[in-house]
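Look over the structure below. The report then takes up a helix, a loop residue and a strand in turn.

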Amino acid sequence: MSDEAKQAAGYKSVDDHVKSGMVVGLGTGSTAYFAVERVGQKLKSGELKDLICIPTSEKTKKQAEDLGIPLCTLNEKSKLDVAIDGADAVDPNFSLIKGGGGALLREKMVEVVADKFICIVDETKLCAGLGPSFPLPVEIVPFCHEHTIRTIAALPELEGCTARLRTGDCSNNKPDGDKPAITDNGNYIVDLVFEKPIANVSAAAAALKKLVGVVEHGIFSGMTTQVIVASKDGSCRVAGEGGEKAWWASTSAL
């Protein structure tokens, strides 16, 4: 999808949901980049004032600092008014797969404490069921990582998955190096590849969370307030609160 479409979704999310005086979570990724850019623009123009923002990665922190956006961490602010971020896959229940950019732990920590979580995507990220369209990232500790990978792959709730250690650059899930990819938190990432949709997303999330050695997984379920979807022509449709029901409930709608 073009940068113009991603920009449309990113800008709309800020225009619609960010007001002066708010605490705002800033996401990570190619679409969230434009939301951060828009926040910087509106602060510079004076349209927004007294904002404090919490970045979800070192990359986003650097972008925000370069734009003069005031920042803090969850240590200073444990409650957010709104968080804005992209996703790698969105199902009709507004459950997400996130973590393609390697920032899933910090993203979830920030976004779960926001009063509203606005997901911004282009239409290629819509799916009838999570799994086949984008691998599910799982952040794990480096200690005995091969054991943890085998344990993950053996979970009945993840039946049919192929577990692949992410190597090279952590900010994408392409094998572009020989060494394990390292997250901002010093951990590894396992990408779980599925040929069929995950049968029970909630059960899969719960099973992963229980495993010793797993830090966090990329299933974001029951968190999304609204999804802003950009089309190729730059127009946007809104699903969820204040918008439509999911129109991609079947593969024929995609």
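## Helix α1

In this predicted model, helix α1 has these buried residues: Ala-5, Lys-6, Ala-8, Ala-9, Gly-10, Tyr-11, Ser-13, Val-14 and His-17. They pack against several elements. One partner is a helix-numbered element, α2 (32–45). The others are β3 (80–85), β6 (114–122), β12 (226–230) and β13 (236–240).

The helix covers residues 3–17, which makes 15 residues. From first C-alpha to last, α1 reaches 21 Å. That is close to the 21 Å expected at 1.5 Å a residue.

## Thr-224 in its loop

Thr-224 sits in the loop between β11 (219–220) and β12. Why does Thr-224 count as buried? Its relative accessible area is 15%, and buried means under 20%.

Which residues does Thr-224 touch, leaving aside neighbours within four places in sequence? The contacts are Phe-94, Leu-96, Phe-117 and Cys-119. With Phe-94 there is also a polar detail: its backbone oxygen lies 3.1 Å from a polar atom of the Thr-224 side chain.

## Strand β7

Strand β7 spans residues 136–140. Five of its five residues are buried, so the strand is largely enclosed by the rest of the structure. In a regular strand, side chains alternate between the two faces of the sheet. Here Leu-136, Val-138 and Ile-140 point one way. Pro-137 and Glu-139 point the other way.

β7 pairs with β9 (residues 188–193) through five bridges, running antiparallel. Within that pairing, Pro-137 has Asp-191 as its bridge partner. β7 also pairs with β10 (residues 214–217), again antiparallel, over three bridges. There, Ile-140 stands opposite Val-214.

Terms used: Residues numbered from 1 in each chain as written. Predicted model: local features only at pLDDT ≥ 70, side-chain atom pairs only at ≥ 80, totals over all residues. Heavy atoms only, no water. Helix = DSSP H or I, 4+ residues; strand = E, 2+ residues; numbered from the N terminus. Expected span 1.5 Å × (residues − 1). Buried < 20%, exposed > 50% of the residue type's maximum accessible area, 1.4 Å probe, protein only. Contact = heavy atoms within 4.5 Å. Polar contact = N/O pair within 3.5 Å; in protein donor to acceptor, adjacent residues only side chain to side chain. Pairing = 2+ DSSP bridges.
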